[in-house]
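This report is meant for a reader meeting this structure for the first time. Please look over the sequence and the model before reading on.

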Amino acid sequence: MSAFDITNSNQTGAKLSDGADSNYQVTVSAAPPSDTTAPTGSITINGDLPYTSSTSVTLNLDATDNVGVTGYNVNNSGWVTFAAITPYSADIPWTLPVGDGIKTVSVQYRDAAGNPSAVYMDSISLDTSGPVIVPTVSPLPNGAGWNNSTPVTVSWSVTDPESGIVSSLGDETTELTEETAGITLTCSATNGAGLYNEVSVTVMIDKTSPTLTWDAIDPTPNAAGWNNTTATIAFETDDNLSGVASATSPSPLSFNSEAENQTQDVTVTDVAGNSATFASPAVSIDWTPPVVTITLPDTGHGIGVYIFGEVVSATWTATDNLSGVVPPDHGTLPINTSSLGAQSLVVPAALAIDYAGNPSLADSTTYKYSVKYGFNGLLPPYQAPPRAYKITSSIPLKWQYTDAGGNVVDSPAANPSVQIKMVSEGGSEGDAITLTDPGSSGLRYDTLTMTWQYNWQTKGLAAGTYNIRITSTQTGQTDGPFEILLRK
Ligand SMILES: [Ca+2]
Ligand SMILES: [Ca+2]
Ligand SMILES: [Ca+2]
Ligand SMILES: [Ca+2]
């Protein structure tokens with residue numbers, strides 16, 4: 001116990017023992033009782049939620065003390081002091097260290113006497129990543145994002161390894177069975193830390209093959225359905241949904257060879273991978289002309305040998321490689337016999353034509369023939385055996401050239417020569433003998449009578465039979481032999 005004083009407040013000098021009626025004031029002063037009781041308290045983070053998505057949290061501090069709480073120390077970061085209060089309660093902002101995972105915060109309180117409380121702790125899980133949402137499309141679309149078959153199944157994986165999934169929407173499996181230019185499915189979810197995420201997947205389904213439309217054959221085939229040049233066919237492709245990705249040939253197709261009813265295939269593929277093959281219209285191409293073959297007749301002088309002015313025709317036939325010859329495929333062709341000597345038959349173009357419209361070619365070199373004079377034999381005074389001519393006489397050999405009708409024609413260009421060979425008794429001919437003519441008169445042509453004459457000098461020749469031949473240099477024809485008999 002401490003000492004205490006009693007004083008007379010009205011200053012009358014009265015004593016306690018006087019019993020007088022006085023006012024007394026008793027003042028007792030003593031040291032306060034010592035405080036040895038520590039505060040007690042608690043801590044929660046964010047109202048004791050299990051997860052947070054942010055490093056910024058609120059610490060809920062509560063403490064009480066028999067005298068008064070005067071401070072706290074969070075995570076040993078230093079004492080925060082305040083006037084003593086009981087109970088103490090405060091929400092203070094706090095920043096957690098970065099990095100997802102369990103975060104623990106501790107707190108200690110103290111009172112005015114400096115009594116420290118126990119250390120109180122709370123933990124919270126930090127999750128800064130939203131839900132992981134992964135769609136699965138089955139079967140997988142191609143590289144361009146398209147499916148080309150049904151059903152297409154869309155399923156979802158929704159997870160959160162840190163804080164788990166609290167709620168989700170659209171995570172059911174969906175089966176798509178219709179073509180679509182694009183249908184978007186969305187799945188959303190919220191995790192334990194309150195983070196929201198949503199993922200969408202767009203499914204495009206095209207099951208229909210592309211189409212192809214053929215243009216007309218260019219140039220237009222003729223009425224018989226043939227072309228006689230290279231031809232092209234253009235085409236257009238189209239697709240219902242994903243679009244045309246490729247065609248095996250560009251437009252137009254080219255037809256560059258001869259054949260009947262030729263086609264080409266074009267395969268068209270859409271972006272979704274559907275393809276279809278289209279055969280082109282048939283194209284028939286023939287650019288080879290018909291081939292004309294000439295047959296020269298034999299009118300009695302050998303094949304291809306005709307008499308001046310003779311009316312004669314060759315026959316022609318035509319064949320064709322492909323489209324065939326438009327009738328007629330044969331006929332006659334007049335042979336010109338108005339010129340003498342070696343000739344070529346003039347085969348005009350387009351004698352025959354094929355169904356593709358190709359005319360046969362002109363030809364003036366292939367078919368050779370010759371035109372010669374008609375010859376009526378040696379003229380009088382020549383006579384065939386048995387008439388015999390006496391050796392030493394000069395025998396006039398005279399002849400004329402004629403046309404096919406036997407009419408004498410003017411033949412100054414005939415340029416004939418005479419050849420005479422002796423004939424043995426066995427019938428064989430010897431070599432040509434040397435001819436002499438009196439006065440070297442030679443071969444003469446009389447324009448007036450259109451007669452050739454050669455006076456044959458027989459002097460010195462042996463008796464017997466001789467063959468006379470006359471050859472025209474102009475036409476190459478040799479007329480004869482004409483037999484003549486010489487006697488002594
Ligand atoms: Ca205390
Ligand atoms: Ca997470
Ligand atoms: Ca398509
Ligand atoms: Ca042809």
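**The chain as a whole**

This is a predicted model. The chain contains 0 helices and 41 strands, and its radius of gyration is 68 Å, well over the 23 Å that the globule rule gives for 488 residues, so the chain is more spread out than a compact globule. Taken along the principal axes, the box filled by its C-alpha atoms is roughly 235 × 45 × 45 Å. Buried residues account for 25% of the 488 residues, and among contacts between residues at least 6 apart in sequence, 62% join residues at least 24 apart.

**Domains**

The division of the chain runs through domain 1 (1–31), domain 2 (40–126), domain 3 (132–205), domain 4 (211–285), domain 5 (291–372) and domain 6 (374–487). Between the C-alpha centres of domain 2 and domain 6 there is a distance of 158 Å.

**Strands and sheets**

As a general point, the strands of a sheet pair through backbone hydrogen bonds, in either a parallel or an antiparallel sense. Strand β10 (residues 120–126) takes part in a parallel pairing with strand β4 (residues 51–52), to which 2 bridges join it, and in this pairing Y51 stands opposite S125. With strand β9 (residues 101–111), by contrast, β10 pairs in the antiparallel sense over 7 bridges, and there V107 is found opposite Y120.

An open sheet of 3 strands, with antiparallel pairing, has the order β20-β23-β24. Its edges are β20 (244–247) and β24 (275–279), each of which has a single partner strand, so that one side of each is left without a neighbour in the sheet. From one strand to the next the twist averages 25 degrees. Within this sheet, strand β23 (residues 265–270) is joined to β24 by 5 bridges, with T269 opposite S275.

β26 and strand β28 (residues 313–319) pair over 5 bridges, and T293 of the former stands opposite T317 of the latter.

| Strands | Sense | Bridges |
|---|---|---|
| β4 and β10 | parallel | 2 bridges |
| β9 and β10 | antiparallel | 7 bridges |
| β23 and β24 | antiparallel | 5 bridges |
| β26 and β28 | antiparallel | 5 bridges |

In soluble globular proteins, nonpolar side chains tend to be buried together. The largest nonpolar core here has 19 residues, of which V292 and Y369 touch the most other members. At least two residues of this core come from each of β27 (305–307), β28 and β31 (368–372). When neighbours within four places in sequence are left aside, V292 is in contact with W316, A318, V347, L351, A352 and S360. Apart from this core lies another, of 13 residues, including L397, Y454, Y466 and I470.

**A loop residue**

P161 sits in the loop between β13 (152–159) and β14 (165–169). Is P161 buried or exposed? P161 has 11 other C-beta atoms within 10 Å, and because a residue with 12 or fewer counts as exposed, P161 is exposed. Although P161 and N228 are 67 residues apart in sequence, their C-alpha atoms lie 77 Å apart in space.

Note on methods
Residues numbered from 1 in each chain as written. Chains lettered and ligands numbered in written order. Predicted model: local features only at pLDDT ≥ 70, side-chain atom pairs only at ≥ 80, totals over all residues. Pairing = 2+ DSSP bridges. Helix = DSSP H or I, 4+ residues; strand = E, 2+ residues; numbered from the N terminus. Domains from an automatic or database assignment. Core = buried A, V, L, I, M, F, W, Y, C linked by C-beta atoms within 7 Å. Buried ≥ 20, exposed ≤ 12 C-beta atoms within 10 Å, placed from the backbone. Contact = placed C-beta atoms within 7 Å. Axes fitted to C-alpha atoms, helices over the stretch in contact; angles between N-to-C directions. Rg over C-alpha atoms; globule rule 2.2 N^0.38 Å.
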